[in-house]
Amino acid sequence: MLRVAVVGSGPSGVYTAQALVGQSDVPGIRVDVLDRLPCPYGLVRYGVAPDHEKIKSLQGSLRTVLEDERIAFLGDVEVGTRGLTPARLLELYHAVVYCVGAARDRRLGIPGEELRGSFSATEFVSWYSAHPDAVHEDFGLDRAGAVVVGAGNVAVDVTRLLVRRAEELRPTDIPQDALEALKDSAVREVHMVARRGPSAARFTTKELRELGALPDTEVVVDPAELALDPGYAAPDGLPAVSRRNVEVLRAWAGRAAEGSPRARAVRLRFFLRPVEILGEAGRVTAVRFERTEPDGQGRVRGTGRYEEIPAGLVLRAVGYQGVPLPGLPFDTATGTVPHEAGRVLRDGVPSPGEYVAGWIKRGPTGVIGTNRPCAKETVASLLADAPALARRPIAPDPLPELHALGHEPVPWTGWLAIERAEAALGGTLGRGPVKIPDWTGLRGAARGGPAFDAARRPGEGGLADRTREGGPIS
Ligand code: NAP
């Protein structure tokens, strides 16, 4: 018998569980997949944009894995709280694989970042993804201009969501509050700003192209700005993705102005690095950028010339960062847990029974599929160690121990109850399933208790009522 805990039920956690039961010839292997949220799927549920329905549909295959009889989902269990330290977890399982991702957003470290109207893209994504920890901020959607700093796929996601029309989002599971706020949004022009040139942008071509396909939205690029990049003039030596990106941008640059003006604009800007967020009366009014130029080494240097872009909303989409888990080693320089082929290193030596996979292992890069080989590598290490690990005595059943510590895991049936409640909520709104955006609602739905009903029942001030008051979303 081998009992393994996988901490985190995002793609890396689920692929780890899948590889464990798929690659293992250990008889009687049991895998518990723990998550701090009552819901599985990590960033597929709480990071992939609602209008990326094809990527969202990956939840179907992750679900099949979690329904394997050798795997159990234990939601609402946060490792690191209520005495459930990594050391305690290792007394309950032969092995623990940490797949906890990279939860924190990076900051710019420039003046004005604290002004109202300046947010991390993570805050905005959490809000439109109905993450229960999301702060329901006033995102400054009452101003026409917005600036998104960064040139990765998160920057593209938030830019797209800012200019998408609400009726296009209505069929998705976006929470009702976010849908209504986006319906009323005054944002008409989004500047997505990169500090380097187009050949160094981190977004992928499919995501870039999508911006050009948005209805009633024009994508504007400045040919002179693109031409500053040596990779733009001579793209042959570029990696394939960068070459394709450059070709898309070149086509946009060469496009003649189209007939009637579009209602919304996305302006892709390059060679501008943010130096200050400007404000008035505590609120964002503009971002000051320094113009940069290539330094010949693939990076850029400042030119001493500046430009201000007016904005009522600034989203920084400059990458994620791993967060240390107390009791687990952490390398602050890389934001990851030190490891060797997935084996956690304590003082440079593999710690028996402790492993990592996903972003906390390799940093916040790659697409969802990148987690598969990453998980496989970790699982190969774990299974090689399994004969020795399985000899260590552990508690006979982790559940009573978790209860004794004050954790009340939401089982798979609890998650299925949340799904039913989200379908019911959508039904009251005349929509498909709509995400429940708060802890009380999720826990109430998972445990079949009254919290969900009380919060949502028509006539009691729930979301259904607010929608009725606000009229239909169109
Ligand atoms: P990312 O790909 O690392 O991009 C971060 C961007 O921020 C880069 O353009 C970077 O520029 C810029 N940046 C960093 N520090 C900056 C600073 N101080 N000032 C100005 N710009 C700065 O990060 P991400 O967009 O958060 O994405 C994380 C991962 O999730 C990626 O692997 C991404 O592909 C994936 N993802 C995928 C999808 C999808 O497939 N649809 C959607 C969302 C996320 P430099 O290059 O100059 O450093």
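Two residues are in contact when heavy atoms of theirs lie within 4.5 Å. By that criterion, and leaving aside neighbours within four places in sequence, leucine 37 is in contact with Tyr46, Phe73, Gly75, Asp76, His131, Pro132 and Trp439. The structure is a predicted model. It is divided into domain 1 (2-103 + 322-469) and domain 2 (106-319).

- The contact between the domains takes 26 residues from domain 1 and 26 residues from domain 2.
- The centres of domain 1 and domain 2, taken over C-alpha atoms, are separated by 31 Å.
- About 2300 Å² of area is buried between domain 1 and domain 2, and carbon and sulfur atoms give 49% of it.
- On the domain 1 side, the residues that lose the most area to domain 2 are Pro50, Asp51 and Arg431, which together make up 27% of what that side buries.
- Between domain 1 and domain 2 the count is 3 salt bridges.
- Aspartate 51 and arginine 160 meet through their side chains in a salt bridge, at 2.8 Å from N to O.

**Leucine 37**

- Leucine 37 is found in the loop that runs between β2 (29-34) and α2 (42-46).
- Its relative accessibility is 6%, and the limit for a buried residue is under 20%, so leucine 37 counts as buried.
- Proline 132, one of the contacts of leucine 37, is 95 residues away from leucine 37 in sequence, yet their C-alpha atoms are 8.4 Å apart in space.

**The open sheet**

- Six strands form an open sheet in the order β6-β14-β7-β8-β10-β9, and their pairing is parallel.
- The edges are held by β6 (118-120) and β9 (217-221); each has a single partner strand, so one side of each has no neighbour in the sheet.
- On average, neighbouring strands of this sheet are turned by 20 degrees against each other, direction ignored.
- Strands of a sheet pair through backbone hydrogen bonds, either parallel or antiparallel.
- The parallel pair of β7 (residues 145-149) and β8 (residues 189-193) extends over 5 bridges.
- Within β8, glutamate 189 is the bridge partner of glycine 145.

**Helices lying across the strands**

- Helix α7 (residues 153-163) lies across β7, β8, β9, β10 (264-269) and β14 (313-316).
- The direction of α7 is at about 175 degrees to β8.
- Helix α13 (residues 240-254) lies across β9 and β10, and runs at about 100 degrees to β9.

- Most residues other than glycine have a negative phi.
- Aspartate 216, although not a glycine, has a positive phi of about 60 degrees.
- Aspartate 216 sits in the loop between α10 (205-212) and β9.
- With a relative accessible area of 32%, aspartate 216 is partly exposed, because this value falls between the limits of 20% and 50%.
- Phenylalanine 271 is not a glycine either, and has a positive phi of about 60 degrees.
- Phenylalanine 271 belongs to the loop between β10 and β11 (272-280).
- The relative accessible area of phenylalanine 271 is 2%, so this residue is buried.

Technical notes
Residues numbered from 1 in each chain as written. Predicted model: local features only at pLDDT ≥ 70, side-chain atom pairs only at ≥ 80, totals over all residues. Heavy atoms only, no water. Helix = DSSP H or I, 4+ residues; strand = E, 2+ residues; numbered from the N terminus. Buried < 20%, exposed > 50% of the residue type's maximum accessible area, 1.4 Å probe, protein only. Pairing = 2+ DSSP bridges. Axes fitted to C-alpha atoms, helices over the stretch in contact; angles between N-to-C directions. Domains from an automatic or database assignment. Buried area = accessible area lost by both parts, 1.4 Å probe. Salt bridge = Lys/Arg side-chain N within 4 Å of Asp/Glu carboxyl O.
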